[in-house]
Amino acid sequence: MTSGATLDLRDRVRDVPDFPKPGIVFKDLMPLVADATYFHETIDRLEQLARPLEPDIILGAEARGFIFGGALADRLNCGFVPARKPGKLPWETVEATYDLEYGTDSLQVHADALGKGSRVIVHDDVLATGGTAKAKTELVEQLGGVVVGVLFVIELTFLNGRDKLEGYDVQSLIQY
């Protein structure tokens, strides 16, 4: 663990207005990822939330979920399962479709990505409306896994994404 407990992770989150469409203020985490001290501290804080849940797998969606989720899986010495857009995985898949704050989309994972009873943390960079995270919990459960937690770097509380995740242990590092 680093001694950066006084770091305010918000210092490395950039607001990008009107992305990906007018009216959306995108929370860009790339400045945080590019700063080694802040990135390390972010993974430290995610680890503190995740370790007590004793996961076997971290499941993250492309692309930012791969960055944080892969680093967290390495830190916890557990596996990482990528959830990808349709047509990106080379083997048999299962799929879940979800609503975004600016449209709809789908995610897929390999049909053999999880063993029955696997303890899975669903991870993503931002909790907005909750659609993406809910789709990932559905993918885990379709494959017989157990969602032990849902972790985010950022939560946009005004979009009430937690409502779609009722019954799950939802945690985030930064709330707006």
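Predicted model: local features only at pLDDT ≥ 70, side-chain atom pairs only at ≥ 80, totals over all residues.

I started with burial: 47% of the 176 residues in the protein are buried. Buried means under 20% relative accessible area, exposed means over 50%, and partly exposed is in between (1.4 Å probe, protein chains only). Residues are numbered from 1 along each chain as its sequence is written, and side-chain values use heavy atoms, with hydrogens and water left out.

Next I checked the surface. The protein exposes about 8300 Å², and carbon and sulfur atoms supply 49% of that. The areas come from the Shrake-Rupley method with a 1.4 Å probe, and for residues only the protein chains shown count as cover.

Then I listed the pieces: four helices and nine strands. Both are DSSP runs numbered from the N terminus (helices are H or I, at least four residues; strands are E, at least two). Along the sequence I read β-β-α-α-β-α-β-β-β-β-α-β-β. The radius of gyration is 15 Å, close to the 16 Å from the globule rule for 176 residues, so the protein is as compact as a globular protein of that length. That radius is taken over C-alpha atoms, and the rule is 2.2 Å times the number of residues to the power 0.38.

On to the sheet. In what order do the five strands of the open sheet sit? I got β4-β3-β7-β8-β9, with parallel pairing. Two strands pair if DSSP finds at least two bridges between them. The edges are β4 (79-83) and β9 (170-175), each pairing on one side only. Neighbouring strands here are turned by 20 degrees against each other on average, direction ignored. Angles run from 0 to 180 degrees between N-to-C directions, with axes fitted to C-alpha atoms (for helices, over the stretch in contact).

I zoomed in on β7 (residues 119-127) and β8 (residues 146-155): eight bridges join them, and they run parallel.

Two helices lie across β3, β4, β7 and β8: α3 (residues 64-76), at about 170 degrees to β3, and α4 (residues 131-142), at about 165 degrees to β7.

Last, Val148 in β8. Is Val148 buried or exposed? It is buried, with a relative accessible area of 14%. Leaving out residues up to four places away in sequence, Val148 touches Leu53, Arg119, Val120, Ile121 and Asp169, where contact means heavy atoms within 4.5 Å.
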